[in-house]
Amino acid sequence: VSNSHIAVALTHSPYSGEREGLFGLLDLFVDQSASLRVYLMGDGVLAAKEGSQLQDVISELTQKGVVFLAEKKELNARGLRNTFRNLRVTDDLVSEFVDDLMKEDWKALVI
Amino acid sequence: VGTLTILLTSGPYSSRHPEFACRIADEALKKGHKVNMFLYMDGVLNAKKGQITKDSPNIGEALAELLKWEKFKVIACVRSAQSRGIARGEADSSGSYPADEYVAGAVIKSLHELGNLLKARDKVIALTGGR
C-alpha cells in the first residue's frame with residue numbers, strides 16, 4: 001500500500017468485531033499511504049459520534065490527514081447530530097466513494 | 001472509464017451489503033463504467049426473482065433494474081446456487097446453467113468465471129462478512 005491512495009468503506013458499527021484491529025489497520029495505512037479517506041456507510045456512521053470512546057483515535061487520524069466522510073441521511077436516521085469536528089458530511093457518499101475507487105492510483109477496501 | 005467487479009457474499013436482508021453493492025454498481029454505471037457483480041455463497045440469493053418486501057429495499061428488483069444496463073452483468077456461482085436449490089440441470093455451450101429462478105439477465109456459471117473477472121485486473125471490491 002506504500003504511497004497509494006486508499007478509500008476504506010466502513011459498513012458496520014465500529015463497536016462490533018475487532019475495533020482495535022480496525023483502527024490499527026487504518027493507522028498502518030495512514031503511515032504508508034499518500035492519502036486515506038474513510039467512508040462511513042450504514043452503521044459505520046456510529047464512529048462519527050462526538051464524545052464517543054473513539055474520539056481520541058479518530059482525532060489522531062484526522063490530525064494525520066485522514067478524511068472521514070458520512071452521509072447525511074444515515075446520520076439523521078440514527079439521530080446523530082453531534083459529530084466530531086472534522087467529519088465531512090455529504091448527501092451522496094456512494095458517488096464520492098465510486099469516484100475514488102475508480103481512479104487509477106486508488107485502492108479500495110470494504111470492511 | 002473502467003470495469004468494476006463486485007464480489008458479494010451476503011444474502012439479502014441479513015446485512016446492508018447487497019444494498020450497498022447495488023448503490024455502488026448504480027453509481028459506477030451512471031459514471032460510464034462497466035460493472036460485474038459476482039454472487040457467491042449466500043450472495044446467490046440476491047438475484048432470486050419474486051422477492052416480496054415491505055419496508056426494506058427489494059434487492060431482486062434493484063438487480064433487475066440494474067440489469068437493464070448493457071454494461072452490467074450479474075453472475076452467480078453454480079455450486080453456491082445448487083446447494084441452495086436455485087440452480088438445476090446442466091450447463092449449455094456457453095457454460096451457463098439454467099437460471100429460471102433468477103431475475104432476467106442474471107446468469108449462473110462456474111466459480112472459474114470469478115477467476116476470469118479477477119484476471120482482468122481492473123477494480124475489484126469485496127463485500128463479504130456482512131453484518
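This is a predicted model: local features need pLDDT of at least 70, side-chain atom pairs count only at pLDDT 80 or more; totals for chains, interfaces and linings use all residues.
A residue counts as buried when its relative accessible area is under 20%.

One joins A:Tyr39 and A:Phe97, whose ring centres sit 5.3 Å apart with the planes at 70°, so the pair is edge-to-face. It links distant parts of the chain, with A:Tyr39 in strand β2 (residues 35-40) of chain A and A:Phe97 in helix α4 (residues 93-101) of chain A, 58 residues apart. Both A:Tyr39 and A:Phe97 are buried. A:Phe68 and A:Phe84 make up an edge-to-face pair too, at 5.6 Å centre to centre and 90° between the planes. Here A:Phe68 comes from strand β3 (residues 67-71) of chain A, while A:Phe84 comes from the loop between α3 (72-77) and β4 (88-90) of chain A, so the pair ties together parts 16 residues apart in sequence.

Over in chain B, the picture is one of a sheet. Five strands line up in an open arrangement, in the order β4-β3-β2-β1-β5 (chain B), with parallel pairing. At the edges are β4 (107-109) and β5 (123-127) of chain B, each pairing on one side only. From one strand to the next, the twist averages 25°.

Within that sheet, strand β1 (residues 3-8) of chain B runs parallel to strand β2 (residues 34-39) of chain B, and six bridges join them. B:Leu8 stands opposite B:Leu39 in β2(B). Helix α4 (residues 112-119) of chain B lies across β1, β2, β3 (72-77), β4 and β5 of chain B, and runs at about 145° to β2(B).

Methods
Residues are numbered from 1 along each chain as its sequence is written. Chains are lettered from A and ligands numbered from 1 in the order in which they are written. Side-chain values use heavy atoms; hydrogens and water are left out. Rings of Phe, Tyr and Trp (its six-membered ring) pair if their centres lie within 6.5 Å; planes under 30 degrees apart count as stacked, over 60 as edge-to-face and the rest as tilted. Helices (H or I, at least four residues) and strands (E, at least two) are DSSP runs, numbered from the N terminus. Buried means under 20% relative accessible area, exposed over 50%, partly exposed in between (1.4 Å probe, protein chains only). Two strands pair if DSSP finds at least two bridges between them. Axes are lines fitted to C-alpha atoms, for helices over the stretch in contact, and angles run from 0 to 180 degrees between N-to-C directions. Contact means heavy atoms within 4.5 Å.
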